[in-house]
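Notebook open. I want to look up the aromatic rings here and then the chain as a whole.

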Amino acid sequence: MKKIASSFLQLKPVMWLRRIRGFKLVFTPLIAIVLFTVVMGVIMGTLQLQEKGQQEAALFRELSFAKQRIQLRFANNTDVLQSIGRDYVSSSDSARSKDNVIIQAENLLQNNHEIAQILWIDEDGQRQWKIPADNLKTDWFNKAENAGSINQALKKTIDLSTATNRPAFSQFISLQVPSEELVSKEIRNVFWQTVPQFSGNEIKGMVAVLYTTQGLLEMIPGELKGLYRFTLITDDEKVLAISSDKNVPKRAFSNQTSLDIGVLSPNLILRIDTYPPPTNLTFRMLIGVVLGLSAFVIWSLWSVLKQMQVRQLVEANLRAETNFRSAMENSTPVGIRAHDLNKTITYVNPAFCEMTGWSAKELIGLSPPFAFWPEGQKGELTEKMNEALKLAMNQEKKLGIEGSILHRNGTVIQTRTFIAPLINEKGNQTGWITSLIDISEPKKIREELAASQERFVTVLESLDAAVSVVANETGELLFANRFYRERFGNTPKGHFDLAGSDVHQNRVQALAEESGNTLIEGAPPSSLYQESESEEIQLLDEATETTKWYEVRRRFIPWVDGHLAQLLIATDITIRIEADDLARQQEERMQFTSRLTTMGEMASSLAHELNQPLAAISNYCMGVAKRLQGYLDPAMQKDILPALEKASNQAYRAGTIIQRIKGFVKRSEPQRKSCDISEIISDAVGLAEIEAHRHRLSISTEIAENLPEVDLDPVLILQVLVNLLKNALDSLREAYPFSSRWSAPPVRISADLDTNTFPAMLRIQVQDAGAGIAESVIERMFEPFFSTKNDGMGMGLNICRSVIESHQGRLWATNQMDVERTKLSGCTFTILLPLESPKT
């Protein structure tokens, strides 16, 4: 040992000399090459920065030139427009002067491609003339999808000019033009300019010009557009016009500036981008040569370095192997022992000695049964060891053997032993290597976990909520508690019904993309593990065939096997939902009752307030009629006196109607008397015909002969018939346009006896040929405050039915179908009234 140590001490100075010499030979040229490469890189970078600065200066200069050219064009256009406006205002009624002005406008339009249309608007806001009259561009301005936005923008610009007394501009207008149209790119975005003309302090009109944003770029010379790409954009980066669709490189130079085209103009930005410059072949070849030579020298030096390190590699590997073995022995908590072919212990590491409490000298040489085995388990452990050695010899799958070790202090340690054959450098087996792991603590933890899991499962099984877990990839039901199994069985179908969709990997991927994370296999984004918002799900219970409501909460969780799964908790809230529905229905009934009460109070108040004015109107009309008798010639009396009498009768009738409504609100019985139904129908038709004639409609009457008189309240029945006739006229008005109402069939009102009932009843029908009534509306149209009209109160048909029912009658509506029975062709309202009033 002393000789070996002295040889190492003698070789150490030589080794250090070799290292220093190798450092000088290898790393000095390498440092020189690195410095050379850095200097060349600095020089080339400086030249590149200088060239970049020159390009940016030229870019700014060209941008400023384009900006000045556009602004100057707008200033010139504004001056010309003001001149045209002054000439047109001063021309008065001279047609020739106005024609000259229009010719000037046409010349302006032809010489300026950015102008799409010129209008003259007088002081009343009316368009007097426009240029051009019609062409491919203006046809798209008049399209329905574009005309509204163009006219609205023009109106706002006129208002702005009027308010400021100066030229104004509108906001940019995006037109809807198909991309395949020839003028699509040219007129895609437009805007207005209005130039007011004054006479004294009054505006006598203004010139309105419609500009195209694409035309603004036509002001820039073609040679500039060949070198650069110009773009007009808004503050929010919306592209209004672009000079070329050719893409620019990612590292292209660009600059932008605000474009002020007028005092009241919208914000506009002019942007300039460079196209790819021509390839600098000389510069790139120089870079390639320098990089190639540098790489070749570095590769050569690297090869020399590798050759010099070959001899040191063996020594390094040997030292690493020795250090690794020492570290394994000293640091691993796993006990390792070696056996020869006779099962005698030939080696133990410190960890095994610590497990047994025996020293290495005491353990080496022992044969089974070993002294560190518990006394009562030596035979069992010997058999396990022999079986493990056979399995290891057959090269089958290595299985750990659970056993026990008795520490010298009497403590028993639970272990798991793994055995592998020990092979020498010639490939021959010389013994066995066994490794022992202390599993006392993990085994104790497993037992505690099993008890904890049992308690947890007991809690889940007793919950009054369905708890289920489904595998995300396979859709397999991984766990279900008692409540879930009772409601949905042992299949995942109930889970999917409650979740609302299948659980699949694409769902996880979609959630990952929404959260902005990248989904890595085995590591879902943390946002997926967050609990979702609770949802209320309605399901049909197939067992009881009843509807159940569940409050569902779900989240993704990592399952015990490491795969993603979905946890779902569903609580039965059917009782709560039913209670909420019952409370809502009661609240709606209370609101409905309150509105009816308010309606009754309003009717009583109106009846009281209007009764006296109507009585006064009737008295005044009758008084005027009596005073005029004898003072007028008979011809005028024939015209005036009947009109006054009718006015008095109508005022009396209005008062009677109000009294009936007041009595109806107070739940009083109708004031019945024997009436001829034909007279009531005639009066109703006379009142409704006024509105019918105004809308070019007509009413036809069909009354059966020898109808008996009926006991009823004529005022209320008249009001019901008038209401039904007006509704029928409204239905015809909606079904037939005003120009084609001459072909509309008349509204038909008929009266006859219905002998299908016993006793027979009076039947009145009002029939129209409109569009009919939707089934959903028929079900509710007699409800209070329900109306399909924008200005309707929803009380007309409800009052009509109430009046008919107060007469012990019936009122309903039925739709009519056309001959082919494919669509609705009208509606019929039917009234049935008893011929005799019931005896009280």
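I checked burial for Phe370 and Trp373: both are buried. The model is predicted, so I read every value here as computed from it.

Next I took the geometry of that pair. The ring centres of Phe370 and Trp373 lie 5.0 Å apart, with the planes at 80 degrees. The pair is edge-to-face, because the angle is over 60 degrees.

I then searched the whole structure for aromatic pairs and got 13. I picked out Phe74 and Phe191. Their ring centres are 6.3 Å apart and their planes meet at 25 degrees, so I logged the pair as stacked. The cut-off for stacking is under 30 degrees.

Where do Phe74 and Phe191 sit in the chain? Phe74 is in helix H1, residues 2–90. Phe191 is in strand S5, residues 189–199.

Buried or exposed? Phe74 has 1% relative accessibility, so it counts as buried. Phe191 has 0% and is buried as well.

I followed the neighbours. Phe74 and Phe191 belong to one aromatic cluster with Phe169, Phe172 and Tyr211.

I also looked up a charge over a ring. The charged end of Arg408 sits over the ring of Trp358, 4.3 Å from its centre.

Last, the whole chain. I noted 20 helices and 27 strands. Of its 840 residues, 35% count as buried. Among contacts between residues at least 6 apart in sequence, 57% join residues at least 24 apart. The accessible surface is about 51500 Å², and carbon and sulfur atoms account for 55% of it.

Note on methods:
Residues are numbered from 1 along each chain as its sequence is written. This is a predicted model: local features need pLDDT of at least 70, side-chain atom pairs count only at pLDDT 80 or more; totals for chains, interfaces and linings use all residues. Side-chain values use heavy atoms; hydrogens and water are left out. Rings of Phe, Tyr and Trp (its six-membered ring) pair if their centres lie within 6.5 Å; planes under 30 degrees apart count as stacked, over 60 as edge-to-face and the rest as tilted. Helices (H or I, at least four residues) and strands (E, at least two) are DSSP runs, numbered from the N terminus. Buried means under 20% relative accessible area, exposed over 50%, partly exposed in between (1.4 Å probe, protein chains only). A charge sits over a ring if NZ of Lys or CZ of Arg is within 6 Å of the ring centre and within 35 degrees of the ring normal. Contact means heavy atoms within 4.5 Å. Accessible areas come from the Shrake-Rupley method with a 1.4 Å probe; for residues, only the protein chains shown count as cover.
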